[in-house]
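The sequence and the model are shown first, and the description follows.

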Amino acid sequence: MERSFQRSRRLGWAIVGCGWVARDYVAPALLQAGNARLVALCDPDSESLARMPGDGAVRYTRLDDVLAHPEVEAVYVATPNHVHAPVTVACAAAGRHVLCEKPMAIRPEEGARMVEACRRAGLQYATAFDQRHHAAHRKLRTLVREGVLGTVTQARIHYACWLPRDWAPRNWRIDPHQAGGGAMIDLAPHGIDLLEVLLEDEWTSLTALMQRRVHDYPVDDGAILMGRFRSGTLGVLQVAYNCPDNYPRRTLELIGTRARALARNTMGQTPGGTLTLTDAATGVETVVPISPEEDRSPFLHQVEAFSACVLEGRPSPFAPERDVRLLTLLSQACEPRSWEDAPCR
Ligand SMILES: NC(=O)c1ccc[n+]([C@@H]2O[C@H](COP(=O)([O-])OP(=O)(O)OC[C@H]3O[C@@H](n4cnc5c(N)ncnc54)[C@H](O)[C@@H]3O)[C@@H](O)[C@H]2O)c1
């Protein structure tokens, strides 16, 4: 895959928001991608900027300055959630394509504004659902499409971590204004997107129950979401900030009439993990092989896929309006915000 990019033009990228995900996953992907190059970095915090890889990238503390850089064609938005909408709208006004971290925004109206701003300017917008690019998930999508699982009756995801108040020096994830909620808005968008992609189906309903069970902060520390797809398949997502990291807590299971697929440790930011199939007739579990060439960083696959769409002038297979629909579904899944009524400890 990398080889085919060798002679083609590389899309010029800037990253806006240079914290954890940008430093550890996005910048390394842009530095490695066959059809992209990291041109500029932007963060109001100069210490965060200094910690970023990419020696050749120009570093800015102001958004206006990075958007004035003539070689920046696309922007990866990796700021805290409440800044996604204004940064994306500013990028669109400056004529830059946008790949924005999940959740695309806190409120669906903001998401719609982001999509409209990019559409009107003739620019590409996508939400960075990197997990759909994980090699195991791409393989699983093929298996579902080929009917290997038979009729998928139920899907289940457990995606959780331990996130105390002092998890980061400036822990915006527990501030309702900056994050828009807690574990649910942070972790559920991945699974909501991923199940639609794997099943090639659409949620028709989604209901959530949230809790504030362990941590003493003003957002939910866990949630269970359940819903139905157009086909009739049922899906359950369990997400949490109150799950000790040593437990198995990154699993995805698709239960079919012919086989059950189980992906362990594939949800997250890194490649690897395992994918197995259990045969319905024999009960025998087999490992689905994934080649090392395919098993690259999901962020690398993601930036190459977005860059290819821009460079080739073709739309993404996933319309951005779909991301607004998913955010609407999520925000309506639990109203009023039920964790506010839930007892804390
Ligand atoms: N896809 C994934 O697996 C994944 C993983 C982690 C985070 N995320 C998402 O990425 C985003 C960032 O998360 P993080 O963990 O890297 O956070 P972080 O706190 O580590 O980094 C955020 C950075 O944004 C900067 N920032 C704040 N306001 C800004 C502004 N107006 N303009 C430019 N920069 C600004 C901060 O100074 C900080 O350096 C969030 O939306 C989060 O949900 C996604």
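## The sheet

Two strands are taken to pair if DSSP finds at least two bridges between them. In this predicted model, six strands form an open sheet in the order 3-2-1-4-5-6, and their pairing is parallel. Strand 3 (58–60) and strand 6 (125–128) lie at the edges, where each pairs on one side only, and from one strand to the next the twist averages 25°.

Strands of a sheet pair through backbone hydrogen bonds, in either a parallel or an antiparallel manner. Here, four bridges join strand 5 (residues 97–101) to strand 6 in the parallel sense, and Glu-101 has Ala-128 in strand 6 as its bridge partner.

## A helix on the sheet

Helix 4 (residues 84–93) packs on the sheet, where it touches strand 1 (11–16), strand 4 (74–77), strand 5 and strand 6. The direction of helix 4 makes about 170° with that of strand 5.

## The nonpolar cores

Which residues have the most contacts inside the largest nonpolar core? They are Met-184, Ile-192, Trp-203, Leu-225, Leu-252 and Leu-254, in a core that has 47 residues. Helix 8 (residues 183–199) gives the most to this core, contributing ten residues.

When residues up to four places away in sequence are not counted, Ile-192 touches Trp-203, Leu-206, Leu-225, Leu-237, Leu-326 and Leu-330.

Notes: Residues numbered from 1 in each chain as written. Predicted model: local features only at pLDDT ≥ 70, side-chain atom pairs only at ≥ 80, totals over all residues. Heavy atoms only, no water. Helix = DSSP H or I, 4+ residues; strand = E, 2+ residues; numbered from the N terminus. Axes fitted to C-alpha atoms, helices over the stretch in contact; angles between N-to-C directions. Contact = heavy atoms within 4.5 Å. Core = buried A, V, L, I, M, F, W, Y, C linked by side-chain atoms within 4.5 Å. Buried < 20%, exposed > 50% of the residue type's maximum accessible area, 1.4 Å probe, protein only.
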